[in-house]
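Good morning, and thank you for joining.

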Amino acid sequence: MCLGVPAKVLKIDGEWAWVDVSRVHLKINIALVEDMKPGDYVIVHAGFAIQKLSPEEGESTLELFKQIAESEQR
Amino acid sequence: MNQQEEKIKALIYCVKCLCGRLKENINFMEVCGTHTVAIHRAGIKQILCRKTRLISGPGCPVCVTPNELVDKAVWYALQPKTVVATFGDMFKVPGSDSSLAEAQVKGGRVQLVYSPLEAVSLAERHPDHKIIFLGIGFETTAPLIAYAVLSARQANLHNFMVLSGHKTVPEALEKIASNPLLNLHGLILPGHVSCIIGRKPYDFLARQYGIPGVISGFEPVEILESLCLLFKQIMEGRCQIEVQYRRAVPEEGNLQALGLMQEVFAKKDSEWRGLGVIPNSGLTMKEKYSDWDADVVFPAQIDRPRQHRGCICGSVITGLKEPEECSLFGNSCSPEHPVGPCMVSSEGTCGTHFLYQLRGDFNED
């Protein structure tokens, strides 16, 4: 039920925005998320943006797990 | 091999290594129903060794909603000039005698909506009808309902009302954590609830109950990473609440959404299916907003709710029993003819087991 889908913000009009969800364009409410601009990614739940998605991916953790895997192989 | 494949391979190897190093059997609980589905769909249970058990938790709002609320919704649907607006998840959930779907067949009026604001505009378009919005969901959803109530107030709409069955996750986790029968060693915590509430509200689980947790995203690779982080904490003797889903979960959560929720709702004791009444785990509308509270303006007249005979959804939700232990599972209870809510909801443990485990068994034959 707490399903959220990532979407890219295309156009902002006050408290509303057009977003792209897997090439489907939806109009969602963005009153719950501050400082949004076109190009941002958000999580959409029940017609609302509930949080911004930050682009920084956890690459550092990948490194960490590679190290664990390598230490096992030794 | 691309980077994503490399990451998945490294993580699977890591999970297997760390699993192999365990000295004793451990129990992890994935709290959220969306995680349950992702785990089954991706076959993550098959990667884990026998020493690790993944238990599905109470994080499916539809499943933990007691019959009383469904009975009220059914009553509303059958009243003249009244429409029940609901998310699709609740449509087929059986109450004591009937589901909303069955009420609709009897002439009741039920409108499925994707956003609570659709229910507000329905009220705008039909001023001679009462629109009762069925407010089900955790902290992910409650702020949106609060926003809808404020919109209705601003538009001076008094035919829009909310039947609030909202619940909050940390209080339920306290009940689960304090149950010695479950013997939990780690929690995979819900990602989208945490988008709103942040990381901090879970700290007590590590501090008071000694159970580590990781707030996880919903991609299989993210769940694998969360499992690795949990294993690592156990190996290193640490006990913390960590965040794997960092790209969406800030430490403090979404302050804007939390503010809206606090404006409209007050905490109250709430009944959870399977867990009983949990103090301060529910959200009721503040007196200031009682004009939009269905329970105040237009209270439903229902009989004492009855339970479904033979259904063990309560024990399944709390992780004490597996769906396969229920005599109804796969016999008289299936997604086409669900007896309990765990089979109805696409994120319910019984529905998920029916879809993935049974199918898996057939494939082996």
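This is a predicted model: local features need pLDDT of at least 70, side-chain atom pairs count only at pLDDT 80 or more; totals for chains, interfaces and linings use all residues.

Residues are numbered from 1 along each chain as its sequence is written, chains are lettered from A, and ligands are numbered from 1, in the order in which they are written.

Let me start with chain A. This chain has one helix and five strands, and from the N terminus on the order is β-β-β-β-β-α. Helices (H or I, at least four residues) and strands (E, at least two) are DSSP runs, numbered from the N terminus. Of the 74 residues in chain A, 32% are buried. A residue counts as buried if 20 or more other C-beta atoms, placed from the backbone, lie within 10 Å of its own.

Strand 1 of chain A, residues 5–13, pairs on two sides of the description I give here. With strand 2 of chain A, residues 16–21, strand 1 pairs in the antiparallel sense over five bridges; two strands pair if DSSP finds at least two bridges between them. Lys8(A) has Asp20(A) as its bridge partner in strand 2 of chain A. These strands form a hairpin with two residues between them, and Gly14(A) in the turn has a positive phi of about 65°. Five of its strands form an open sheet with parallel pairing, in the order 2-1-7-8-9. Strand 2 (52–59) and strand 9 (241–243) of chain B stand at the edges with a single partner strand each, so one side of each has no neighbour in the sheet. On average, neighbouring strands of this sheet are turned by 20° against each other, direction ignored. Strand 1 of chain B, residues 26–32, runs parallel to strand 2 of chain B and is joined to it by six bridges. Within that pair, Asn27(B) stands opposite Arg53(B).

Which strands does helix 9 of chain B touch? Helix 9 (residues 169–177) packs on the sheet against strand 1 and strand 2 of chain B, and its direction makes about 135° with that of strand 2. Axes are lines fitted to C-alpha atoms, for helices over the stretch in contact, and angles run from 0 to 180 degrees between N-to-C directions. Contact between two residues requires C-beta atoms, placed from the backbone, within 7 Å.

Helix 8 of chain B, residues 142–154, reaches 18 Å from its first C-alpha to its last, close to the 18 Å expected at 1.5 Å a residue; the expected span is 1.5 Å times one less than the number of residues. Among the buried residues are Pro143(B), Tyr147(B) and Ser151(B). Just after this helix, Asn156(B) takes a positive phi of about 55°.

Finally, the contact between the chains. It takes 39 residues from chain B and 28 residues from chain A. Helix 1 (3–20) of chain B is among the elements that give two or more residues to the side touching chain A, and helix 1 gives the most, with six residues.

Technical notes. A residue is buried if 20 or more other C-beta atoms lie within 10 Å of its own, exposed if 12 or fewer, and partly exposed in between; C-beta atoms are placed from the backbone.
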